[in-house]
Amino acid sequence: MSRQDRDEAEIEASRAPLMDHLIELRGRLLVCVVAFILGFILCFAFAEPLYVFLVKPFAAAAAFHEAAGGGSHSNVSPWDLIAGTAGLKPLPTVEGQTVNLIYTAPLEILFTKMKLAGFGAIIVAFPVLAYQLWRFVAPGLYRNEKGAFLPFLITSPVLFLTGAALVYFVMLPFVMWFSLSQGIEQQGVSAALLPKVSDYMNLVTALILAFGLCFQLPVVMTLLGLAGIISSKLMSEGRRYAIVAVVVVAAIVTPPDPISQLMLAVPLVLLYEVSIWCVRLIEMRRKKADEAEGLAAT
C-alpha cells in the first residue's frame with residue numbers, strides 16, 4: 001500500500017456523518033466559550049495590576065523625559081528606555097513626579113478594565129482554543145498534513161508574543177517619549193500630555209495586535225508554500241515589491257513617526273527573508289520526497 005492510499009484509508013476510517021460533526025463542533029465551541037469566560041473572570045480580577053503593568057513603558061518614558069529636563073529638546077538614550085522598561089536599570093526619580101492618566105466618563109475605567117480582561121482572556125485561553133481547533137480538524141488531515149499543521153499551532157503564538165514583547169519593551173517607550181517631547185511650555189502657554197485611560201489602552205492593544213499579526217508573516221507564507229500557491233523563486237523576485245508593501249503597512253498601523261515605522265518595517269523585512277528560506281526548505285523536502293517515491297516506484 002502506498003503512502004497516499006494509507007492516508008486516505010485513515011481519513012476514511014475517521015469519516016463521520018454530518019450530524020456527528022455538528023455535535024462535535026458544538027461541544028468544542030462550548031469548551032472554547034467556557035475557557036474564554038474563565039479567562040475573562042481571571043483577567044478582570046487582576047485588571048488593575050495588568051493596567052499598571054501596561055502603563056510601565058509610559059512611566060519609564062516619563063521618568064527619563066523629566067530627568068533629561070523635560071521640554072521638546074530633551075534627549076534620552078534608546079538603551080536607557082529599553083533597560084528601564086525591562087527593569088534592568090532603575091528609573092530616575094524626580095521629586096513630585098507621577099504618571100497621570102485621566103478618565104472623563106463615569107464608566108470609562110470600567111469599560112477599559114472589561115476590554116483589557118477580554119484581550120487578556122483571548123491570550124490566556126489560546127492554548128485551549130488551539131487544542132480544540134486541532135482536535136476538530138486533525139481527523140480530516142493526511143498524516144503529512146498533520147505533521148505540517150501542528151508546528152504552526154506552536155509557532156504562531158510564539159511569533160505573536162515576540163511582536164507583543166517588541167511593542168512593550170521597545171515600541172511603547174519610544175512612542176510615549178516622542179509624545180512627551182512634543183509638549184509646549186513657553187510664553188505663558190503650556191501643553192502637556194495627559195492621556196485618557198481608554199485612549200492609552202486602545203493604543204497598546206492596537207500596537208500589540210498590529211505587531212502580533214504582522215509577525216505571522218512566516219506562518220502565512222509557509223502555509224502558502226505548502227499549498228503550492230507561492231514559491232521561493234517568486235518571493236525572491238518580488239522582494240522589492242514586498243519591501244514597499246511592508247513600508248506601507250508599517251506607515252498605516254503605527255503612530256505617525258519614523259521611529260515607530262522603522263521598528264515595525266525592519267523586523268518585517270527580516271521575517272520576509274526568513275519566509276523565503278522556509279518555503280525553500282519545503283520545496284527541497286518535497287523534491288526529495290518525490291524523488292524517493294519515484295525511485296520506489298521503479
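This is a predicted model: local features need pLDDT of at least 70, side-chain atom pairs count only at pLDDT 80 or more; totals for chains, interfaces and linings use all residues.
Helix α4 (residues 78–86) has Leu81, Ala83, Gly84 and Thr85 as its buried residues. Buried here is under 20% relative accessible area, exposed is over 50%, and partly exposed is in between (1.4 Å probe, protein chains only). Helices are DSSP runs of H or I with at least four residues, numbered from the N terminus.

Residues are numbered from 1 along each chain as its sequence is written, and side-chain values use heavy atoms, with hydrogens and water left out.

**Helix packing**

Two packed helices are described by the angle between their axes and the distance between the axes. The axes are lines fitted to C-alpha atoms, for helices over the stretch in contact, and angles run from 0 to 180 degrees between N-to-C directions.

Take α3 and α4 to begin with: their axes are 9 Å apart and the packing angle is about 135 degrees. That makes α3 oblique to α4, and their crossing is right-handed. Helix α5 (residues 108–137) and helix α7 (residues 197–214) pack at about 15 degrees, with 9 Å between their axes. So α5 is roughly parallel to α7, and the crossing of α5 and α7 is left-handed.

As for the labels, angles under 35 degrees are roughly parallel, over 145 roughly antiparallel, 65 to 115 roughly perpendicular, and the rest oblique. A crossing is left-handed if the near helix is turned anticlockwise from the far one by less than a right angle, and right-handed if clockwise.

**Salt bridges**

Counting a side-chain nitrogen of Lys or Arg within 4 Å of a carboxyl oxygen of Asp or Glu as a salt bridge, the model has four salt bridges. Among them are these:

| Salt bridge | N to O distance |
|---|---|
| Arg28 and Glu24 | 3.1 Å |
| Lys113 and Glu48 | 3.0 Å |
| Lys89 and Asp80 | 2.6 Å |

Lys113 is partly exposed at 22% relative accessibility, while Glu48 is exposed at 52%. Arg28 and Glu24, in contrast, are both in helix α2, four residues apart, or about one turn of the helix. Glu24 is partly exposed, with a relative accessible area of 26%. In the remaining row, Lys89 is partly exposed at 33% relative accessibility and Asp80 is partly exposed at 21%.

**Nonpolar surface**

Leu30, Val33, Val34, Phe36, Ile37, Leu38, Ile41 and Ile122 make a nonpolar surface patch of about 720 Å². Patch members have over 30% relative accessible area and no salt bridge; like charges are joined within 9 Å, and nonpolar side chains (Val, Leu, Ile, Met, Phe, Trp, Tyr) within 5 Å. The accessible areas come from the Shrake-Rupley method with a 1.4 Å probe, and for residues only the protein chains shown count as cover. Helix α2 (residues 18–45) gives the most to this patch, with seven residues. Ile37 lies in helix α2 and is partly exposed, at 44% relative accessibility.

**One more contact**

Thr162 lies in helix α6 (residues 143–180) and is partly exposed, with a relative accessible area of 40%. Thr162 and Gly212 are 50 residues apart in sequence, yet 7.4 Å apart in space, C-alpha to C-alpha.

Note on methods: Helices (H or I, at least four residues) and strands (E, at least two) are DSSP runs, numbered from the N terminus.
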